[in-house]
Number of protein chains: 2
Amino acid sequence: MGEFELIRRYFASAACAAGGEAVALGIGDDCALLAPKAGEQLAISTDTLVVGVHFPTVCDPFLLGQRALAVSASDLAAMGASPIGFTLALTLPEADPAWLEGFARGLNQKAQECALALIGGDTTRGPLAMTVTVFGGVPAGQALTRAGARPGDLLCVGGPLGEAGGALPLVLGEMTAEPSVAEPLLARYWSPQPQLDFGQALRGKASAALDISDGLLADCGHIARASGVALIVEADKLPESPALEALLGAERAQQLKLGAGDDYVLAFTLPAEHLPALSANWPALRVVGRVEAGSGVRVLDGAGADITPRQGGYLHFME
Amino acid sequence: MGEFELIRRYFASAACAAGGEAVALGIGDDCALLAPKAGEQLAISTDTLVVGVHFPTVCDPFLLGQRALAVSASDLAAMGASPIGFTLALTLPEADPAWLEGFARGLNQKAQECALALIGGDTTRGPLAMTVTVFGGVPAGQALTRAGARPGDLLCVGGPLGEAGGALPLVLGEMTAEPSVAEPLLARYWSPQPQLDFGQALRGKASAALDISDGLLADCGHIARASGVALIVEADKLPESPALEALLGAERAQQLKLGAGDDYVLAFTLPAEHLPALSANWPALRVVGRVEAGSGVRVLDGAGADITPRQGGYLHFME
């Protein structure tokens, strides 16, 4: 089966979905053609997932399809971009119809949720891996970068932290748990919800933003460096996660909230005057700290004592 | 080493090169930002190369870097797009500085030749593979697709055919040859020259176009299907290739010109009135056939007899 036929057969519903007038030419020619709106810039991000590195050798292809798309779509959210489309470069050891059907169903479902149209791709033979490149539109000058945080801004997150990291022992079969505990954590790992609408709502308000993929502290470090500021995380303000705390206890849960990656929740800095209106519309928003002059990232407890973890304790989460 | 640092260290010169004002934000944030010119569409293509499938396990990383970029850049040429930039998703079993230095040098050199700026990427651990996604600009409505060929048009190619396929026994160490024979063939395989300027010159003239990656007959089949026409290849008009004929003899050379992929030369259909001006500026252009009403691809000899090869004889070149 040729590559276009393979892609068309299994991924047709994603190719039809969404995209709209921004996709001038989709799958089947040498290139796809995007027609951004006048005054819009095109936001682009690319991510590769490799078997045995980013996902287990044995896993449900439906869940993997969801996750593969969500991880990249989250980068559009982090820039405040509106979703347009994506390309899929899929490397497969063999064309297993059952696997492809499941993977495509997961990918297509997440693509529809995210309003992303499949615009092109490549299928090759080799060890299982996939590279997804996503495209979004953002009015010129309004993209949310990592570089605008200013002393006095609040440090905020868009939802719960550490839950995808907490799910890892379940994903790897090292632990089991009651459905009420396991399910919300596994959902966070396998089907992250890219905060696309939230990211667009932050345009013109947030001074810096990213999605948490390396862990809160590591990602705050990216903002601190790019903006030339210090970020203070207030440990007692981190969002509660009943499932995470039930599975691993309060202390480990706290470590994961600070250090575990893969949550794909937005972290951003915000001038305080924008907080009331945003909080009213986005109830999951939490203020978890503040921006100060200086450099680096510190964690303070409720009494203001510095409890910044040694880097070594978190390194295995930070790659 | 973090992924941005890795990419910055080895690929910095490609990140600085070219791109110009179309690249509003390059490597280092959640997304890159492109700012296409008013009235321009963005052409996008993605290709994956996997070790042991698309290139030998043992090969010069400098040559591989050149080839990885050229293969994708050729898709921009095929659409008549002006080069803007590319992303690189690189999967490596280990961060070997000598390998990375060579690969980056080859990639950067080809990127500069092609005026493509590195705008983003991802580095992951795993079996050696690379996905390059390229971006170009094309005035709205002027992209060269596969769908516009009309009966009466000429069928043309932009340069020699079959030479990359002829180089394969040399690449794989199955044959050796004098430098005067080996070098031009190996250069075609390892360092294809994307016909970017030529592709832009074909805008508004060629009625359909693509780059030959699957072999002339298979790729003519793509144009025939997309345009709803028949393509006639006149075997005695195929470009001469002294090196190819010296290495493998006239008969095998002819087979490779018709069936071997990887040349990344443009094939296109052209209303005859555009031929004189184009030929004057592009001496490598050859008329190799014509478009007729009907469907499919046929090969005729100098006397007009049908010598279309059975598909089986070429299948291993057509994937």
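A polar contact is a pair of N or O atoms within 3.5 Å; within protein, one must be able to donate a hydrogen and the other to accept it, and residues adjacent in sequence count only if both atoms are side-chain atoms. Keep that in mind for a later stop.

**Before you start.** This is a predicted model: local features need pLDDT of at least 70, side-chain atom pairs count only at pLDDT 80 or more, and totals for chains, interfaces and linings use all residues. Residues are numbered from 1 along each chain as its sequence is written, chains are lettered from A and ligands numbered from 1 in the order in which they are written, and side-chain values use heavy atoms, with hydrogens and water left out.

**Select both chains.** Two copies of a chain are related by a rotation about an axis and a shift along it. Contact means heavy atoms within 4.5 Å.

**Select chain A.** Find its 9 helices and 12 strands. These are DSSP runs, numbered from the N terminus: helices are H or I with at least four residues, strands are E with at least two. The C-alpha trace spans about 65 × 50 × 30 Å along its principal axes. Buried residues make up 57% of the 319 residues in chain A. Buried means under 20% relative accessible area, exposed over 50%, and partly exposed in between (1.4 Å probe, protein chains only).

**Zoom to Asp30(A).** It sits in the loop between β1 (23-25) and β2 (32-34) of chain A. Is Asp30(A) buried or exposed? Asp30(A) counts as buried, because its relative accessibility is 6%. Now show chain B. Asp30(A) touches residues there including Ser45(B), Asp75(B), Arg146(B) and Asp211(B).

**Move to Asp75(A).** Look in helix α2 (residues 61-79) of chain A. Asp75(A) has a relative accessible area of 8%, so Asp75(A) is buried. Leaving aside neighbours within four places in sequence, Asp75(A) is in contact with Ser45(A), Asp47(A), Asp211(A), Asp30(B) and Cys31(B). Which side chain makes a polar contact with the side chain of Asp75(A)? The side chain of Ser45(A) does, at 2.9 Å.

**Next, Thr87(A).** This residue lies in strand β4 (residues 82-92) of chain A. Thr87(A) is buried, with a relative accessible area of 2%. Among the residues Thr87(A) touches are Leu118(A), Gly120(A), Thr131(A) and Phe135(A), along with Ile44(B) and Thr46(B).

**Last stop: helix α4 of chain B.** Select residues 163-171. How many of the 9 residues are buried? The count is 8, and the helix is mostly covered. Among the buried ones are Glu163(B), Ala167(B), Pro169(B) and Leu170(B). The buried residues of α4(B) pack against α5 (179-190) and α8 (242-259) of chain B. Step just past α4(B) to Gly173(B), which takes a positive phi of about 75 degrees.
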